[in-house]
Amino acid sequence: MCDLLNRIWSRPRGEWNRVVRNELPDLAEKLVAELQRGFPALSALLGDTPVEDAHWALEQALLTVLGYQKESESKPPAVPSVVTPMPVARARQDLFDVLAGQRDVPEDGLHELARAAGWPVPDTLQAVVLATPAEAAQLAAALGHALIGNVEGYTCLFVPDPATQTRARLEAALKGRPAAVGHVVPATDTASSLRWARYLLTLAPSRVGPESRPAFVDDHLSALLLLQDESLADALTSRWLGPLEELTPRQSERLEVTLLAWLEGGGAPEAAKLLHVHPQTVRYRLRQIEKLFGPVLRDPRTRFELEMALRSRRLMAHVRSYRARAGRRARAVASSIRPLGMAREARVNGL
């Protein structure tokens, strides 16, 4: 099983599902054979049940436990319960799915499910999303026996009682791996912590190395709020930053940074310190800005929305640049893959 997991994790995330489904049948066959050799009573319990049915049932159980399908997606044939997944493992996966908002359960059913899973649902939870699933079980144990699950290819943890897991402890446990930590929420809103942690992970570069640090949603609340709807962010910038559109890109950039520094600092001297320029330079630019925007700059609400628009534009530029770089890297990897020649293909296939 460890060999299979290592082969899965060594492949790109998009290939995991294919690798699992291709290799599980052989693994299930070997496991059933080992169980029959090690536990003679198993053969007697199976009776006349075709061994292929036992292989199939164990394969489905492994897919469920690994998080690649839900129990309801496949109904096994009539095989003795000894080869079905353990109730606790099933209950934990179901409990994770409920907390993650992937399935519904009656209000009183959550407590019953938690009891079956042996994982009492605390008052508050915090989601952790991992870019790679390596050592997830050890990490879960280190974080107060967190609940492990899978959401769209990401390995996720629900950390119970976040107040006992200090930020320093989370950073130490997650050091060296790309991960995102959601905000603390009531157990009834766990899906929100998970959703924003996943979104933050897609925005943060996934660098693996000893100096890698997790990203915390709490550190990016205003940015995530501004980025939650790109269409609205674009509408906001179009409404308030229109006067800058007639300028050259260099002029527009210069006035944008000056206006944002002035709004953040509260005055020309403060803006000059932020920009590392002379205050007179800032005053000159502010006169240009006032000609473009007019008296609306004196309105507090307008200044607030202008600052939101400027921040949104910069955040969206950063996100789009990151996505473009990620796309170029993916295309570069794809272009480096060449079809095997006939002779080499024959060697790979053992001919």
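Contact here means heavy atoms within 4.5 Å. By that criterion, and leaving aside neighbours within four places in sequence, W119 is in contact with R92, L95, L99, A114, L125, H145, A146, L147, F158 and P160. The model is a predicted one, in which local features need pLDDT of at least 70 and side-chain atom pairs count only at pLDDT 80 or more, while totals for chains, interfaces and linings use all residues. Residues are numbered from 1 along each chain as its sequence is written, and side-chain values use heavy atoms, with hydrogens and water left out.

The protein chain holds 16 helices and six strands, taken as DSSP runs numbered from the N terminus (helices H or I, at least four residues; strands E, at least two). Of its 351 residues, 38% are buried; buried means under 20% relative accessible area, exposed over 50%, and partly exposed in between, with a 1.4 Å probe and protein chains only. Among contacts with a separation of 6 or more, 67% join residues 24 or more positions apart.

W119 also takes part in the largest nonpolar core, which has 33 residues; L95, F96, L99, W119, L147, F158 and L194 touch the most other members. Such a core is a set of buried Ala, Val, Leu, Ile, Met, Phe, Trp, Tyr and Cys residues joined through side-chain atoms within 4.5 Å. Two or more residues each come from α5 (87–99), α6 (107–117), β1 (124–130), β2 (147–151), β3 (154–160), α9 (190–203), α10 (221–227) and α15 (300–335). The most are given by α9, with six residues. A second, separate core has 20 residues, including L241, L255, I289 and L297.

Axes are lines fitted to C-alpha atoms, for helices over the stretch in contact, and angles run from 0 to 180 degrees between N-to-C directions. The axes of α13 (residues 268–275) and α14 come within 8 Å and cross at roughly 110°, so the two helices are roughly perpendicular to each other, a label covering 65 to 115 degrees (under 35 is roughly parallel, over 145 roughly antiparallel, and the rest oblique). In this contact, A268, P269, A271, A272 and L275 of α13 meet P279, V282, R283, R285 and L286 of α14. These residues divide into eight nonpolar, no polar and two charged, where Ala, Val, Leu, Ile, Met, Phe, Trp, Tyr, Cys and Pro count as nonpolar, Asp, Glu, Lys and Arg as charged, and the others, Gly among them, as polar.

Helix α12 (residues 249–265) packs with α14 at an angle of about 100°, with the axes 10 Å apart; α12 and α14 are therefore roughly perpendicular to each other. Here R254, L255, T258, L259 and W262 of α12 meet V282, R285, L286, Q288, I289, L292 and F293 of α14. This contact comprises eight nonpolar, two polar and two charged residues.

Most residues other than glycine have a negative phi. H145, in the loop between α7 (136–142) and β2, has a positive phi near 55° and is exposed, with a relative accessible area of 57%. E152, in the loop between β2 and β3, has a positive phi near 50° and counts as exposed at 64% relative accessibility.

Finally, S238 lies in helix α11 (residues 230–240) and counts as exposed at 54% relative accessibility. The C-alpha atoms of S238 and A309 are separated by 8.4 Å, although the two residues are 71 residues apart along the chain.
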